[in-house]
Amino acid sequence: MARSDWNRPSSFKGLEDGERRIRLFLSYDGSGFSGWQRQDGERTVQEEIEAVLSSILGEEITLFGSGRTDSGVHALRQAAHFDTRSRIEAGKFRIILNTHLAKDIRILSSDEVGAGFHARFSTESREYWYLIKRMEDMLAFDDKRVTAVKRFYPLERMNALAKVLEGTHDFTTFSSARDKSLSKTRDIYISSWDEISDAYGCRILRYRVAGNAFLYHQVRSMVGTMLSFLSKGMKEDEFQAILDSRDRSKVHKTAPSDGLYLADVSYDREKYEWFERKH
């Protein structure tokens, strides 16, 4: 799908006189949060960062993220921006925020960007990881960070299903009824399983999926359905059929939030340029 068909706003709030736009890259352990987006009475990533910035800068700060993560979902590299009249050197915001924030949020970098940048609407790609372990390999450190399964399946079978999801498709089947997107069509650049090890040498199966954008619960629905298919010995042509059906009732189950990580947000137009040329 051409970028011109992404239906993103061509304009958004610019900078007023004296304002600067600061971009943050950050990571967080989502197990202690009710997601990214501000919610009354709930602990959220957006609200905690806004509170620290507003207190330090003496102005009301609104933080814009590249996208929302659900309750319990983690981020290895989320992106966000805010506008401020402060003259603090852009790179120092990382140090200031890390000094005042709880340890389950870490700012990786902070820099100044122009008014044409928007953390959400300028995004070229997002990549998610989903991590699973066998129950017998789970460690005390894995609770709420890795999803436990009874058994692993051969990577060849797992990747046969994952391959079905690559390309441009209508992903209505794997969307939540709560998703309000007008179009359910998305570009999926990478969809594959591989095996990695944790810091203690235990095996982890990792699902990597990268695309231009994702629907609400899409990744967890795809993972849960793939695992269900594998447990029942179902084949990729049957998986293709439920994708093509655009019928949410055919999703087998939604995987837990524990194992899901927002792994990367990229603003590099050339990173997946090959996909647009190919498709």
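**Close-up views of a predicted model**

**View 1. Arg 186, a buried arginine in a strand.** Arg 186 has a relative accessible area of 11%, so it counts as buried, the cut-off being under 20%. Keep in mind that this is a predicted model. To find the residue, look in strand β8, which covers residues 185-197. Now pick out Arg 208, which sits 22 residues away from Arg 186 along the chain. From C-alpha to C-alpha, those two arginines are 16 Å apart. Arg 186 also turns up among the residues that Phe 214 touches, and Phe 214 gets the next view.

View 2. Phe 214 belongs to the loop between β9 and α4. Is it buried or exposed? With a relative accessibility of 15%, Phe 214 falls under the 20% cut-off, so it is buried. Leaving aside residues up to four places away in sequence, Phe 214 touches Arg 126, Tyr 128, Arg 186, Ile 188, Val 209 and Val 219. Leu 53 makes a handy landmark for this view: it is 161 residues from Phe 214 along the chain, and their C-alpha atoms are 29 Å apart.

**View 3. His 217, with a positive phi.** His 217 is also in the loop between β9 (203-211) and α4 (218-231). Its phi is positive, about 70°, although His 217 is not a glycine. Its relative accessibility is 21%, between the 20% and 50% cut-offs, so His 217 counts as partly exposed.

**View 4. Lys 144, another residue with a positive phi.** Lys 144 is not a glycine either, yet its phi is positive at about 70°. This lysine lies in the loop between β5 and β6, the latter being residues 147-149. How accessible is Lys 144? The value is 45%, which puts Lys 144 in the partly exposed class.

View 5. Gly 65 is part of strand β2, residues 64-65. At a relative accessible area of 16%, this glycine is buried. Which residues does Gly 65 touch, not counting those up to four places away in sequence? They are Trp 36, Ala 79, Ala 80, Ala 119 and Arg 120. Thr 147 is 82 residues from Gly 65 in sequence, with 26 Å between their C-alpha atoms.

**View 6. The second largest pocket and its lining.** This pocket holds about 230 Å³ of space. It is lined by 13 residues, and the ones closest to its centre are Asp 142, Val 146, Asp 198, Ala 199 and Ile 204. Sorted by type, the lining has nine nonpolar residues, four charged ones and no polar ones. Which strand gives the most to the lining? That is strand β5 (residues 125-134), with three residues.

**View 7. Stepping back to the whole chain.** Six helices and ten strands make up the count for the protein chain. Its radius of gyration is 20 Å, close to the 19 Å from the globule rule for 279 residues, so the chain is as compact as a globular protein of that length. Along the principal axes, the C-alpha atoms fill a box of roughly 60 × 45 × 35 Å. Of the 279 residues, 50% count as buried. The chain exposes about 13,400 Å², with carbon and sulfur atoms supplying 47% of that area. As for contacts between residues at least 6 apart in sequence, 72% join residues at least 24 apart.

How values were computed:
Residues are numbered from 1 along each chain as its sequence is written. This is a predicted model: local features need pLDDT of at least 70, side-chain atom pairs count only at pLDDT 80 or more; totals for chains, interfaces and linings use all residues. Side-chain values use heavy atoms; hydrogens and water are left out. On a 1 Å grid over the protein atoms alone, a cavity is a set of points where a 1.4 Å probe fits but cannot get out, and a pocket is an open set with protein on both sides within 12 Å along at least five of seven lines; lining residues have an atom within 4 Å of a point. Grid points are joined across faces, edges and corners, and a volume is the space filled by probe spheres set on the points. Helices (H or I, at least four residues) and strands (E, at least two) are DSSP runs, numbered from the N terminus. Ala, Val, Leu, Ile, Met, Phe, Trp, Tyr, Cys and Pro count as nonpolar, Asp, Glu, Lys and Arg as charged, and the others, Gly among them, as polar. The radius of gyration is taken over C-alpha atoms; the globule rule is 2.2 Å times the number of residues to the power 0.38. Buried means under 20% relative accessible area, exposed over 50%, partly exposed in between (1.4 Å probe, protein chains only). Contact means heavy atoms within 4.5 Å. Accessible areas come from the Shrake-Rupley method with a 1.4 Å probe; for residues, only the protein chains shown count as cover.
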